[in-house]
Amino acid sequence: MTGPGEAGQAGRRGAGERSGAGGTPAAVAFLHIGGTPLHVRTEGGGPVVLLAGGLGSSWFDWDLVVPFLTPYRTVVRFDRPGYGLSGSEPADRPGPTVVGEAERIRAVLDGLGLSGPCTVVGHSLAGFHVEAFARLNPERTAGLVLLDGSVESSPRPRSAPELRDLAARTVAGVATALAVPYLLGPTVRRLVARAATVRREDLAPRPLVRHCYRTGRVLRAVLRENARYLDVAAELDELRGVVPLPEELPITVLAADDGCRTRRTEEWLARQRGLAALLGADFRTTAPAGHLLMFDRPDAVASAILDTR
């Protein structure tokens, strides 16, 4: 395992290392993009699928889905800056933007030499990122899949984005100096994951959770992305008005249904249906499943991806 300070060395040492989910061979590399070493895994064969995780996610959150895909697809997973094994972005870099994340996805594919059309898959917050990628890179997009994607109705950017980003970085720095991530990070990760599944358990490997989530870089990344969430949503909303999706692009929206007929569940499913209607997408639900539907229904997630073509 490598820590953030070792990421560059690991990239030089480990581009040819092999490991994977469920025994599937995976090529592991670190791509230096925008001054940040990004941890990337590629496995399988066939048409390319890129998996982008939500707020606070790491590459191993897709482990249960990948074995369903690799017999038919080349699967690319990567950790955004600060997550998983990726390094933190330089301190002078601006906060996250939807265009910036779309450019990062393209840079990952370019860095791997994958220049052809790709099906892009985004969970939760990353739904914003992959939709922006599809709009800005129609010639590179073979399909679009949103897994319980974030939905905001008429979002408006908040004021003082630079100050909010500075505050997020400052809070993360102070917490790290006090060893808060080291002491509590893995526990918080497990609690959040349990709350987001109907299984009420975190199926991610405990050693990896401990290694990745006790670092200050993860806390910093989570706080920065959360601070800019509405700004990113508003940016995508504006992009929707000026850059259409490619005609006849296969699009699937897969929503998690926890099986409870509560008002909260019904409202969430209605918002997901609205998103599908807005994008002209095929709408599906999978039940019982929580927001981390990759844990609860990896088979349904894989089916949605494979059927989007």
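Visitor: Which residues are buried in H8?

Guide: Happy to start there! In this predicted model, the buried residues of H8 are Gly216, Arg217, Val218, Arg220, Ala221, Arg224, Glu225 and Ala227. They pack against helix H5 (161-177), H6, helix H7 (206-213) and helix H9 (229-242).

Visitor: How do you know that the span of helix H8 agrees with its twelve residues?

Guide: Helix H8 covers residues 216-227, and at 1.5 Å a residue it should span 16 Å. Its end C-alpha atoms are 16 Å apart, so the two values agree.

Visitor: What makes the contact between glutamate 225 and arginine 80 a salt bridge?

Guide: The cut-off is 4 Å between a side-chain nitrogen of Lys or Arg and a carboxyl oxygen of Asp or Glu. For glutamate 225 and arginine 80, the closest N and O atoms are 2.7 Å apart, so the pair meets the definition. Glutamate 225 lies in helix H8 and arginine 80 in the loop between strand S4 (74-78) and helix H3 (98-111), so the bridge ties together parts that are 145 residues apart in sequence. Both residues are buried.

Visitor: Which parts does the salt bridge of glutamate 131 with arginine 240 tie together?

Guide: The closest N and O atoms of glutamate 131 and arginine 240 are 2.7 Å apart. Glutamate 131 is in helix H4 (residues 126-136) and arginine 240 in helix H9, so parts 109 residues apart in sequence are tied together.

Visitor: Why is glutamate 131 called buried?

Guide: Buried means under 20% relative accessible area. Glutamate 131 has 1%, so it counts as buried. Arginine 240 has 22%, so it counts as partly exposed.

Visitor: Which residues make the nonpolar surface patch?

Guide: Val174, Leu178, Val180, Tyr182, Leu183, Leu184, Val188 and Val192 make a patch of about 780 Å². Its largest share, six residues, comes from helix H6 (residues 180-195).

Technical notes:
Residues are numbered from 1 along each chain as its sequence is written. This is a predicted model: local features need pLDDT of at least 70, side-chain atom pairs count only at pLDDT 80 or more; totals for chains, interfaces and linings use all residues. Side-chain values use heavy atoms; hydrogens and water are left out. Patches are made of residues with over 30% relative accessible area and no salt bridge: like charges are joined within 9 Å, nonpolar side chains (Val, Leu, Ile, Met, Phe, Trp, Tyr) within 5 Å. Accessible areas come from the Shrake-Rupley method with a 1.4 Å probe; for residues, only the protein chains shown count as cover. Helices (H or I, at least four residues) and strands (E, at least two) are DSSP runs, numbered from the N terminus. The expected span of a helix is 1.5 Å times one less than its number of residues. Buried means under 20% relative accessible area, exposed over 50%, partly exposed in between (1.4 Å probe, protein chains only). Contact means heavy atoms within 4.5 Å.
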